[in-house]
Amino acid sequence: FMPVGTQATVKAMKPEDVEKTGAEIILGNTYHLYLRPGEDIVREAGGLHKFMNWHRPILTDSGGFQVFSLGKFRKITEEGAKFKSYIDGSSHMMTPESSIEVQTALGSDIMMAFDECPPSLAERSYIEQSVDRTTRWLKRCKAEMARLNALPDRVNPEQLLFGINQGGILEDVRIRHAREIRELDLDGYAVGGLAVGESAEEMYRILD
């Protein structure tokens, strides 16, 4: 069970009250924290743990899902995703490298790789292209993490990187992608791109 602390807070609860629920980990949202208050402010505070007074593990998502859910307000390219801020309409570019840089500044315990989350009912050709891009982005995330790990003054030198399996509801694509990203020997893996339009039956079939 992982409560969502979108902007470094689980809404309407104090950190000690969240602990009393037995929650062992919470989630912080990279996209929202990047836009406000900004990763530099969190870094200066000593990272998310000190910023929000939470002493148990924190997972930060990559920001990919939020970017891709913006619809017409974003554009996906091989470099990354261009999008407009929901706060002031300003333009931004999020790449695999910048996502890892932001998450490194936040100092979470688990960083999620930047991925593309296609609609589960998209055409096979698009999903296959999207999955291949996610693999290429994952390799860039791993390389950027290695680069940052070599620098001094890391907020959290013990950070882990998790890759994300994609493929919509296409079983063969899911399995192929899982095998591909397994070869990168990451700290962990997640199943992404579900509950985005498919039926509950299809979701559970893919999870199985």
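Which strands make up the open sheet, and in what order do they lie? Select S4, S5 and S6: the open sheet has three strands in the order S4-S5-S6, paired antiparallel. Strands here are DSSP E runs of at least two residues, helices are H or I runs of at least four, and both are numbered from the N terminus; two strands pair if DSSP finds at least two bridges between them.

Before you go on: this is a predicted model, where local features need pLDDT of at least 70, side-chain atom pairs count only at pLDDT 80 or more, and totals for chains, interfaces and linings use all residues. Residues are numbered from 1 along each chain as its sequence is written, and side-chain values use heavy atoms, with hydrogens and water left out.

Strand S4 (74-76) and S6 are the edge strands, each pairing on one side only.

Next, zoom in on S5 (residues 81-84) and S6 (residues 91-94), which are joined antiparallel by four bridges. Click Phe83 and you'll find His92 as its bridge partner in S6; Ala81 sits opposite Met94. The two strands form a hairpin with six residues between them, and in that turn Gly89 has a positive phi of about 80°.

Leu138 is buried, at 2% relative accessible area (buried is under 20%, exposed over 50%, partly exposed in between, with a 1.4 Å probe and protein chains only). Show its contacts (heavy atoms within 4.5 Å): leaving out residues up to four places away in sequence, Leu138 touches Ala113, Gly163, Ile181, Leu184 and Leu186. Then try Ile164: its C-alpha lies 8.3 Å from that of Leu138, with the two residues 26 apart along the chain.
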